[in-house]
Amino acid sequence: MPPCQPLLGDNDCYQAVFQVIQSVERHKLTTLKTECLMFMAEKTRTGYRVDVREKHDAQCGGDPATAPRLFSYEIDRRSGKMKTDAAAPNGEWTGEYRAID
């Protein structure tokens with residue numbers, strides 16, 4: 001599926017990315033500041049997948065030629081429910097998707 005364009009008028013995509021940003025901040029899934037994250041969204045058959053990546057630039061540091069994926073979210077278009085493969089609150093990372101709000 002092609003990437004969605006939240007900044008080019010795709011309001012559903014914008015809402016999906018906004019939900020992910022709120023969830024990442026609420027659950028403190030990374031120690032990086034939100035401005036040092038990139039949210040790469042694409043439409044799926046049932047909703048959206050949003051990859052959360054490190055943003056490397058003069059402000060955030062790191063190699064600007066890279067943008068490592070930290071974790072991903074899946075958002076169901078109908079229910080709005082989300083899942084992520086980010087580490088669980090106990091710090092355990094399994095790579096499996098789990099429900100998150």
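This briefing walks through the salt bridges and strand pairings of the structure above. The model is predicted, so local features need pLDDT of at least 70 and side-chain atom pairs count only at pLDDT 80 or more, while totals for chains, interfaces and linings use all residues. Residues are numbered from 1 along each chain as its sequence is written, and side-chain values use heavy atoms, with hydrogens and water left out.

**Strands and how they pair**

- Strands here are DSSP runs of E with at least two residues, numbered from the N terminus, and two of them pair if DSSP finds at least two bridges between them.
- Strand 2 covers residues 47-54 and pairs with strand 3 in the antiparallel sense, over seven bridges.
- One place to look is Gly47, whose bridge partner in strand 3 is Asp76.
- Strand 3 also runs antiparallel to strand 4, and three bridges join the two.
- Here you can pick out Tyr73, which has Thr84 in strand 4 as its bridge partner.
- Strands 3 and 4 make a hairpin with five residues between them, and Gly80 in that turn has a positive phi of about 80°.

**Salt bridges**

- Side chains of opposite charge can pair when their charged atoms come close.
- A salt bridge here means a side-chain nitrogen of Lys or Arg within 4 Å of a carboxyl oxygen of Asp or Glu.
- Searching the whole structure turns up six of them.
- Arg69 and Asp85 meet in one, at 3.1 Å from N to O.
- Arg69 sits in strand 3 (residues 69-76) and Asp85 in the loop between strand 4 (82-84) and strand 5 (98-100), so this pair ties together parts that are 16 residues apart in sequence.
- Lys83 and Glu74 also form a salt bridge, at 3.5 Å from N to O.
- Arg49 bridges to Asp51, with the closest N and O atoms 3.7 Å apart.
- Arg49 and Asp51 belong to a salt-bridge network that links them with Glu42.

**Buried or partly exposed**

- For these labels, buried means under 20% relative accessible area, exposed means over 50%, and partly exposed is in between (1.4 Å probe, protein chains only).
- Asp51 counts as buried at 12%, and Arg49 is partly exposed at 29%.
- In the remaining pair described here, Lys83 is partly exposed at 38%, and Glu74 is partly exposed at 30%.

Terms used. Helix = DSSP H or I, 4+ residues; strand = E, 2+ residues; numbered from the N terminus.
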